[in-house]
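Open the model in your viewer and keep the selection tool at hand. Each stop below says what to pick and what is there.

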Amino acid sequence: MAGRHRELVEEVRQTLGYARGAARAAVTEAEDRAAKRRADHAAVEREAHRAGQRLLAAHATRRGAVDRQCLARLTAAAEELTALADEQARGAAGAPWDGWAPTPPARDESPGLYRIGRLTARAAVPGPAEPDVPALVGLLDAGHLLVEDPGHDRLPAVADDPAPPVTHRPTDRVHALVGGLLLRVLGSTAPGAVRLTVYDPERLGGSLASFAPLASADLLTFVGPGGLGGVLDELVEEIRRINETVLAGEYRSLRELHAATGRRPEPWRVAVLLGEGWTPDGGGAELTAAQQAQLDRVIRTGPACGVHLVVSGVGPAGDWCEHPLVDRIVLWGATAWTTATGNRFLVQLDPPPGTDLATGTCRAIAEKVLAGPDPAVFADLLPAETWTGSSAERLVAPVGAGPDGRLVDVELGDSPPHALIGGPSGAGKTNLLYAWLGSLAARYSPDELALYLLDFKEGVSFARFAPGRRDPSWLPHVRLVGVNVNADREYGLALLAFLHDELRRRAEAAKAHEATKLSELRAEDPDGHWPRIVAVIDEFQVLLDGRDPVALEAARLLEDLARRGRSQGIHLVLASQDLSGIDALWGRASMVAQFTLRIALPKARRILAEGNLAADTVPRHHAVVNPDSGATPANRVAHIPDAGSRGTLDALQQALWRRLPADTAPPVLFDGGRVPRLAEATELAELAPDEPGGRVRAPVALVGRTIDVTGRSAAVRLSRSPGRNLAVLGARGTEACDVLATAALSLGRQYRAGGVRFSLACLDDDAVDATKQVLDELRVLGHDADWYDRDGVCGLLAAAAADLGTDRAPDTRPHILLLYAVDAASSLLERKDPATRRSARDDLKDLVARGPEQRTHVVGWWRSVPRLRDDLGGVGARLDAFGAWVALDVQGPDLAPLSTQPGGPAWYPRTRRALFFDRAVHRRPVVVIPYDTTEAP
Ligand SMILES: Nc1ncnc2c1ncn2[C@@H]1O[C@H](COP(=O)(O)OP(=O)(O)OP(=O)(O)O)[C@@H](O)[C@H]1O
């Protein structure tokens, strides 16, 4: 039993051992599994953490990119806005107070906007600090401002407009804002251009006391309590007056008038109305019905007339605060809401300017106004935009500024059509012409205005308008410049004749288009080229001097141009420095009557009407401009700016010249003080042999430059008709040689090499060099040219004459005989050959009589008319063989035998001038200038 018991115990023990072992194994296994799970969990957690980190990093990167993009766009927009704002609020209108100074605008500049602070977004913008975009408001030429301050610093939470205005009494913040704004307005306008009226019953002007210095110049009025009605009545009256007399139905606003004319005839009037506040329960002062009505009128009609209000605390701010011309500014502490900036943005207000700055600025403005306007400068005469004027109706351009600083316009058109300018030497006549011409040239393009300028004075005052060696530019409107023409009155006559032809051309065109004046012709013929013409003749009396044919013809042409030029857009401007100039006209009352525009410089005599003594008192550098024939009531005194110094007219000319297309022809320049060179003669370059098989034209011999507006060369055609020889007469050897050389070299160019014979005979030792030079140049052209001296001249004449006699001459080419001072061999020429009973003189007579028909021409120089006559047979000899002649120092009556005019032409010899006559083409001789031929062309 005990054994059994022991067995059982053992069995149980064993079973228990097994069970314990199994349980232990199970526990171990479970623990292993748990450890593995824990490890897995930890790994998952680590992974989750890492993923979270990655997500955060990605998010941060993306967010950074978006922020940067957003900021870049914000910055770009802000920069654009800032640039726009800077443009709108230039200089003193927008500059920070630190270093602020007034910046008066250019004459043509219109007011812009004024800075009051900087914009800030209402909702917070992510990223770094907000960009500094100026916040601006308008006033002058824009509208009115209503400023409110509820008196607390709590921003309304709503994004809507602030509540309808409550008429609070103006706080310090309002005064500070208005003071800053006014200073910007004053600093960015011309001194005196803004007048302030301040109605401040509460503080009696104390808040704007720093502006008080303006009162000394009548630019500021403080209005006391009870004065509001008076202020409003005055403003309404000003608006009425400006509408009636200044805008006069022609312009809708002063701004429009300013844009159209460049003038601002009225100052801006700014009324600052700082009321007592008003509340419906009876606080403060209420506007009367009459005041309310006047306020409404000013608000509606003021800005067009430059009348503006800055209002605070005037109540109740009824419907008018909703008027589109009224901008509201509502203040909360240093922040503000404005109509212009709307609900998205608020304005961080600028601190106010220092009192000293405002006082100093106002004092300076007042001093400037009391000192009177600055003298005008040349730039003041120039328009904002060049070449935009139309001359269809008239030409209007300022020449200077009046005592009030306003520009004084000068007009040419139907009335007044022509101008007379007078003033003693040195009074500034030339300067006045420069100022006027510059002012015109800047306004009207060369299609609208053409200028012809002639100066009979010694000197070259108009030469600057043509290209020169130092300055290659020219004034684009100038078609012709004549300088140093005091001895060449023919040039003046030529200009008048040219203008007369133009007058006829215009009159014919007008008739064809059934137009009675230029504006109608231009309307009827829009594609035609009909600029107004202004012809300026300085010291014109030279032209009318004496009773010779030039003076008489000039007077006739002037009179006709003066009478008929008006309707055809041709205007004369005659200037003279002394009494005689005016006297020259005075005998011609009907002509003088056409010159209704008179400009008198200091001490000018007889330019203005009798009894009009303004010229005696007008100061230096001023002029009396009078468009009513000098009648006293029409006087306008103008200060004429300096237009002659460097950087004035010259700079304008260069700027205008640069606008011309590169191939534009310069004006014709006639300089009477300069000898033209043959090499410059355009006709010489145009001469060429006839084309083989083409039409054969008789050659021409050039003789000199005409004194004409075209500046062409004078020429003789050497055809095969009797009399086609040329005689040069006079003792001035150099000029005679130049005429012969000009003829020879021009003829030489019209033949093929070797196609013509030249024979040169020279009997004046002083002329030998010149002759030989011609000989060489003819040979360079490839021609046969022979030279003869005293010993050979008779043989030459005999041989040439003999050739004429034979039908079959050995040489049938044209033959040009250039005889220099042949009269020096008179005794030789008259000697008869005992065998033939013929003399060289007989040969010469034969040659000139029969030569041209056989293409043999004599171009000869005789030192006087009697000597020519002697060589052609003595007393009674006919000189018709010389159908063309050039006379140098030969008196008019001595030319009678060669002239068609009884007693000879009116000719007084002068250096480097010759009288040229070609019987085949001229009615009367013409004056020419022998070319300088010392340089080979
Ligand atoms: N408005 C002006 N402002 C400044 N300088 C001037 C003015 N007018 C003339 N001058 C100067 O005075 C001098 C004489 O002027 P200008 O040559 O115009 O006189 P003028 O009447 O044409 O004299 P003249 O007939 O003798 O030539 C010049 O040096 C000129 O620059």
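Which exposed residues sit on the face of helix 5 turned away from its buried side? Select Ala289, Ala290 and Ala293: these are the ones.

Before going on, note that this is a predicted model. The protein chain has an average pLDDT of 89, and 95% of the residues score at least 70. The ipTM is 0.98 and the pTM 0.68.

**Along helix 5**

Select residues 289–301, the whole of helix 5.

Now pick Gln294, Leu295, Val298 and Ile299, which are buried. Look down the axis of helix 5: the buried residues fall within an arc of 140 degrees, so they line one face. An α-helix has 3.6 residues a turn, so residues three or four places apart point the same way.

Next, show what covers that buried side. The cover includes strand 3 (144–148), helix 3 (228–247), strand 7 (307–312) and strand 8 (326–332).

**Into strand 3**

Select Leu145, in strand 3. Leu145 counts as buried because it has 26 C-beta neighbours inside 10 Å. Beyond its neighbours within four places in sequence, Leu145 is in contact with Val137, Leu139, Val310, Asp327 and Ile329.

**Around the ligand**

Finish at the ligand, which 13 residues surround. Select the closest: Ser425, Gly428, Thr430, Asn431 and His621. By class, the shell holds nine polar, two nonpolar and two charged residues.

Note on methods:
Residues are numbered from 1 along each chain as its sequence is written. This is a predicted model: local features need pLDDT of at least 70, side-chain atom pairs count only at pLDDT 80 or more; totals for chains, interfaces and linings use all residues. A residue is near a molecule or strand if its C-beta atom, placed from the backbone, lies within 6 Å of it. Ala, Val, Leu, Ile, Met, Phe, Trp, Tyr, Cys and Pro count as nonpolar, Asp, Glu, Lys and Arg as charged, and the others, Gly among them, as polar. Helices (H or I, at least four residues) and strands (E, at least two) are DSSP runs, numbered from the N terminus. The expected span of a helix is 1.5 Å times one less than its number of residues. A residue is buried if 20 or more other C-beta atoms lie within 10 Å of its own, exposed if 12 or fewer, and partly exposed in between; C-beta atoms are placed from the backbone. The arc is that of the directions from the helix axis to the C-beta atoms. Two residues are in contact if their C-beta atoms, placed from the backbone, lie within 7 Å. pLDDT is the predictor's confidence in each residue, from 0 to 100.
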